[in-house]
Amino acid sequence: MNSVILLSGDLGFMIKGVFSYNLFGQEVWITTSHICLLIVMLIIIGFCIAANRAIKHATEVPGTFQNIVEMVVDMLDGMVTSSMGKAAPKFVNYISTIFIFILISNISGLFGLRPPTADYGVTFPLGIITFCLIFFNKIKYQKISGFIKGLCDPWPFWAPINVIGDVAVPISLSLRLFANVLSGTVMMALVYGLLSKIAYGWPAILHVYFDLFSGAIQTYVFCMLTMTYVADAIGDGLD
Amino acid sequence: MEGISGADLIKACSAIGAGLAVIAGIGPGVGQGIAAGHAAAAVGRNPGAKGDITSTMLLGQAVAETTGLYGLLVAMLLLFVQPLVG
């Protein structure tokens with residue numbers, strides 16, 4: 001039995017190793033997740049270069065592409081501002097980045113890739129970044145005294161429960177995203193695997209639900225929860 | 001029972017366990033339904049706040065969904081990683 005979680009298998013939705021190499025005596029596998037991640041990154045970088053060029057040569061009456069870029073930036077700006085208020089300018093860059101990254105990762109299942117976010121190794125670092133942001137901002141804006149006061153919230157002996165509550169945040173955030181995307185991937189693989197004789201055309205409806213709808217909702221939820229937690233950590237610090 | 005080895009028995013029981021684990025989906029189903037019902041009532045009372053109500057409802061539903069997803073993960077681990085088969 002394989003020891004690495006979901007690394008190899010016979011079914012279509014498993015992560016497959018492409019090739020392996022030795023790194024300091026440790027066998028390291030390059031898997032489909034790495035490759036799909038690279039493809040997603042290249043798409044985003046290409047979009048960014050094109051957007052940069054379009055905005056540098058911006059015209060008074062915007063063309064199609066410039067219009068799209070302005071719409072995306074406007075929407076992300078509005079989303080961050082509506083839920084973070086005064087702290088929004090500090091975090092709009094990071095939130096927009098993870099929003100676009102997770103969204104394109106989630107809907108990459110539509111283009112035949114295995115979504116990179118259906119790998120726990122991709123979503124867990126995102127949760128860890130959120131955890132670090134919460135921790136850092138709590139220390140920065142509420143100082144050590146406020147941090148300790150928040151830890152012993154109702155009574156001092158309640159502190160272990162609060163610590164567990166804090167540590168559970170990145171785990172539940174990353175598991176939510178991972179399990180949602182994985183469930184969609186598994187469902188699509190089952191449909192294509194079991195009904196391969198009659199799976200023509202109509203699975204598109206399932207793709208719309210599992211890849212587009214579910215992916216967009218989970219992206220929104222991840223960013224929204226990150227913003228809520230960080231805004232909560234900042235508290236009244238910016239007044 | 002002659003031809004059944006210990007590993008086969010564990011695999012069969014893992015499959016039953018996976019089926020039992022996804023019963024966890026009942027809870028989030030009820031919870032999301034209640035949230036959606038209350039959101040519909042809220043939109044009926046105050047149609048102007050439709051956008052805010054929808055985003056709040058989606059956020060709450062996604063958080064409520066987490067426990068169901070834990071059940072799904074346990075089922076997946078039992079079926080595909082098979083930690084109990086030594």
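A: What follows is a conversation about the folds, the interface, the pockets and the cavities of this model.

A: One caution before we start is that this is a predicted model.

Q: Fine. How many helices and strands does chain A have?

A: The secondary structure of chain A comes to six helices and two strands, and along the sequence these run in the pattern β-β-α-α-α-α-α-α. Taken along the principal axes, the C-alpha atoms of chain A fill a box of roughly 65 × 60 × 40 Å.

Q: And where chain B and chain A touch, how many residues are in contact?

A: On the side of chain B there are 16 residues in contact, and they meet 21 residues of chain A.

Q: How much area do the two chains bury between them?

A: Chain B and chain A bury about 1600 Å² between them, and 80% of that area is on carbon and sulfur atoms. As background, the size of an interface is often given as the accessible area lost when the parts come together.

Q: How many salt bridges and how many polar contacts are there between them?

A: The count of salt bridges between chain B and chain A is zero, while three residue pairs are found in polar contact across the interface, with both residues at pLDDT 80 or more. By class, the side of chain B that touches chain A has twelve nonpolar, three polar and one charged residues.

Q: Switching to pockets, what is the volume of the largest one, and which residues are closest to its centre?

A: The largest pocket has a volume of about 710 Å³. It is lined by 33 residues, and those closest to its centre are N180(A), S183(A), E65(B), L69(B) and L72(B).

Q: Which elements supply that lining?

A: At least two residues each come from α5 and α6 of chain A and from α1 (6-21), α2 (26-45) and α3 (50-81) of chain B. Among these, α3(B) gives the most to the lining of the largest pocket, with twelve residues.

Q: What classes of residue are in it?

A: The lining of the largest pocket divides into 20 nonpolar, twelve polar and one charged residues.

Q: And the second largest pocket, what lies nearest its centre?

A: The second largest pocket holds about 430 Å³ of space, and of its 18 lining residues, I134(A), K138(A), F147(A), D166(A) and D232(A) lie nearest its centre. The elements giving two or more residues to this lining are α4 (120-151), α5 and α6 of chain A, with the largest share, nine residues, coming from α4(A). By class, the lining of the second largest pocket has ten nonpolar, four polar and four charged residues.

Q: Which residues line the largest cavity?

A: Its lining consists of N106(A), P115(A), N180(A), V181(A), G184(A), T185(A), F210(A), D211(A), S214(A), G215(A) and Q218(A). The elements that give two or more residues to it are α5 (159-194) and α6 (203-234) of chain A, and α6(A) gives the most, with five residues. By class, the lining of the largest cavity has three nonpolar, seven polar and one charged residues.

Q: And what lines the second largest cavity?

A: The second largest cavity is lined by L173(A), R176(A), L177(A), Q218(A), V221(A) and F222(A). Two or more residues of that lining come from each of α5 and α6 of chain A, and by class the lining has four nonpolar, one polar and one charged residues.

Conventions:
Residues numbered from 1 in each chain as written. Chains lettered and ligands numbered in written order. Predicted model: local features only at pLDDT ≥ 70, side-chain atom pairs only at ≥ 80, totals over all residues. Heavy atoms only, no water. 1 Å grid on protein atoms, 1.4 Å probe; cavity = no way out; pocket = protein on both sides within 12 Å on 5 of 7 lines; lining within 4 Å. Helix = DSSP H or I, 4+ residues; strand = E, 2+ residues; numbered from the N terminus. Nonpolar A, V, L, I, M, F, W, Y, C, P; charged D, E, K, R; others polar. Contact = heavy atoms within 4.5 Å. Buried area = accessible area lost by both parts, 1.4 Å probe. Salt bridge = Lys/Arg side-chain N within 4 Å of Asp/Glu carboxyl O. Polar contact = N/O pair within 3.5 Å; in protein donor to acceptor, adjacent residues only side chain to side chain. Points joined across faces, edges and corners; volume = space filled by probe spheres on them.
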